[in-house]
Amino acid sequence: MNAIKKSYIETFGCQMNERDSEIMGQVLSNADYIPTEDIKQADVIVLNTCSIRDKAEQKVYSLLGTLKKLKAKKPALIISVAGCVAQQEGKRLLTRMPQVDIVLGPQQIYRLSELVSKAVAMGKQQLAVNLSSSFEIPRHIPPSPVKSSEDEQTATASFKKVVTIMQGCNNFCTYCVVPYTRGRETSRPHDDIIAEITVLANQGVKEVTLLGQNVNSYGRTNDSTLQHITFPELLRNVAKIKGIKRLRFSTSNPKDLSPELIKCFAEIENLCPHFHLPVQSGSNHILKRMNRKYSIEEYLAKVKALRHIRPDIVLTTDIIVGFPGETDEDFQATMDLLETVRYQGAYSFKYSDRPQAKSVAFDDKVDEQIKSERLHRLQEKQKSINLQENQKYEGSIQSVMIEGESKNTDGQWKGRTMSNIIVNFDGSALSPGQEVQVKITEGLPHSLRGTLV
Ligand code: 5AD
Ligand code: SF4
């Protein structure tokens, strides 16, 4: 009798990686691997890595160090490194880390079980990092969700799903590694996306997030036989699928945010009023050096148009501090922008050199200590803006979709508003996916508190 084979997948980085991990889980479950949450029990371990910032990359190397010991005790263990670090390092990773059996890039995830079989049968390291400029997302993605595991699957996973609509990027922002790790933009056929979401909705999924590196340029594909559909058209068609109560998307380059997309926020009822619009810097001089292809004035005009059409829209952003050449004045422009836009959340990072990115060669790098100081000042300011903005909800009633019981406090539940803000509240006999009305009693920097109505 064959022993049960188990797989363990750890994900670093972005939502795209989370979705890729789900797909790899599905690929492995088709090959009869059952997911486990105990890394020590696993026969196959996958680290799905991120190389967007050097910090993310270091985490992977430290985990690989720990896994070396595990492999010494269990030589049959298959260790795979997937994702952007795998793509970036390729063969070097196999040489530097002999404990690694498989290195596979983001375009190769569908081949995971084939690579595992080869590694087991041949006892040899496997490398799959081809990055094709004519890559097409396979039409037959393994069915979602994964076979039920012996470990409890979180209930959240069953009502909320992320669906890849395109991947890769053609923008070449000078700081960014993504075009080199994920290749050129390619979109999934409209009909495949609609079919996948229809199946999900029939399984009880109520919320979908359409995912791509730059969803606004959805529609570009290497297959000339496919019909050309724009992102706003796709949104409208997904919104009509029965059972989909909340529709989100992520992520967009502001330069491609079109008037048609802005109009969707007024016209599509189940499109959630939240827009993650990464600005990166408040200074035109820095934006130019980043190759972002928009000015702050253009960006602010789009923010204004969005808020005009949908006054309750929540805006969030990404910011890099200490980009090469960033002066005190440039940084101040970013601080001023926070006041002007008043985002309800900003992910902020210190600039770090990424292999292959153009900015590596820029010679006016900002001192590490100055970067840290700027980041600290920026985060303090944003925290107080978050708090003030969240306090504005006090007294209001919000429709909250329940995600599950709160981890930290007994008897508390956690959910999200349409605009994606986390709400904690007391309650009993509730279930994930249920929509309830909550009266907001307190706004905190990163969440709201309330009571069930
Ligand atoms: N250094 C710091 N932050 C970066 N990001 C992307 N590349 C870098 C880099 N080299 C940030 C950007 C992006 C987010 C996902 O990560 O803000 O929007
Ligand atoms: Fe990280 Fe970018 Fe790769 Fe996502 S696409 S895993 S953010 S490097």
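Helix 12 (residues 296–309) has 14 residues and spans 20 Å from its first C-alpha to its last, close to the 20 Å expected at 1.5 Å a residue. The expected span of a helix is 1.5 Å times one less than its number of residues. This is a predicted model, in which local features need pLDDT of at least 70 and side-chain atom pairs count only at pLDDT 80 or more, while totals for chains, interfaces and linings use all residues; side-chain values use heavy atoms, with hydrogens and water left out. Residues are numbered from 1 along each chain as its sequence is written, and chains are lettered from A and ligands numbered from 1 in the order in which they are written. Helices (H or I, at least four residues) and strands (E, at least two) are DSSP runs, numbered from the N terminus.

- The buried residues of helix 12 are Ile296, Tyr299, Val303 and Leu306, where buried means under 20% relative accessible area, exposed over 50% and partly exposed in between (1.4 Å probe, protein chains only).
- Exposed residues Lys304 and His308 sit on the face of helix 12 turned away from its buried side.
- The cover over the buried residues of helix 12 includes helix 10 (259–267), strand 12 (274–276), helix 11 (284–289), strand 13 (314–321) and helix 13 (328–341), with contact meaning heavy atoms within 4.5 Å.

**Domains and cores**

- The domain assignment gives domain 1 (5–128), domain 2 (134–272) and domain 3 (397–452); such bounds come from an automatic or database domain assignment.
- Taken over C-alpha atoms, the centres of domain 1 and domain 3 are separated by 35 Å.
- The largest nonpolar core has 63 residues, of which Leu210, Phe231, Leu235, Phe249 and Phe275 touch the most other members. A nonpolar core is a set of buried Ala, Val, Leu, Ile, Met, Phe, Trp, Tyr and Cys residues joined through side-chain atoms within 4.5 Å.
- Not counting residues up to four places away in sequence, Phe231 touches Ile165, Leu210, Val215, Asn216, Tyr218, Phe249 and Leu261.
- There is also a second, separate core of 23 residues, and Ile45, Val60, Val81 and Val103 are among them.

- Strand 10 (residues 207–211) pairs with strand 11 in the parallel sense over 5 bridges; two strands pair if DSSP finds at least two bridges between them.
- Leu247 in strand 11 stands opposite Val208.
- Strand 4 (residues 78–82) is also mostly covered, with 5 of its 5 residues buried.
- From strand 4, Ile78, Ser80 and Ala82 point one way and Ile79 and Val81 the other way, and all are buried.
- Strand 3 (residues 44–49) runs parallel to strand 4 and is joined to it by 5 bridges, and Ile79 in strand 4 is the bridge partner of Ile45.

- Most residues other than glycine have a negative phi, and most peptide bonds are trans.
- A cis peptide bond, with omega about 5°, joins Ser250 and Thr251. Thr251 lies in the loop between strand 11 and helix 10.
- Ser252 is found in the loop between strand 11 and helix 10 and counts as buried, at 4% relative accessibility.
- Leaving aside neighbours within four places in sequence, Ser252 is in contact with Asn214, Val215, Asn216, Phe275, His276 and Pro278.

**Positive phi values**

- Phe172 is not a glycine but has a positive phi of about 50°. Phe172 lies in the loop between strand 8 (166–167) and helix 7 (178–182) and is partly exposed, with a relative accessible area of 30%.
- Gln356, not a glycine either, has a positive phi of about 80°. Gln356 is in the loop between strand 14 (346–350) and helix 14 and is partly exposed, at 48% relative accessible area.

**Positions in helix 14**

- Gln379 lies in helix 14 (residues 368–391) and counts as partly exposed, at 37% relative accessibility.
- Ser384 lies in helix 14 and is partly exposed, with a relative accessible area of 35%.
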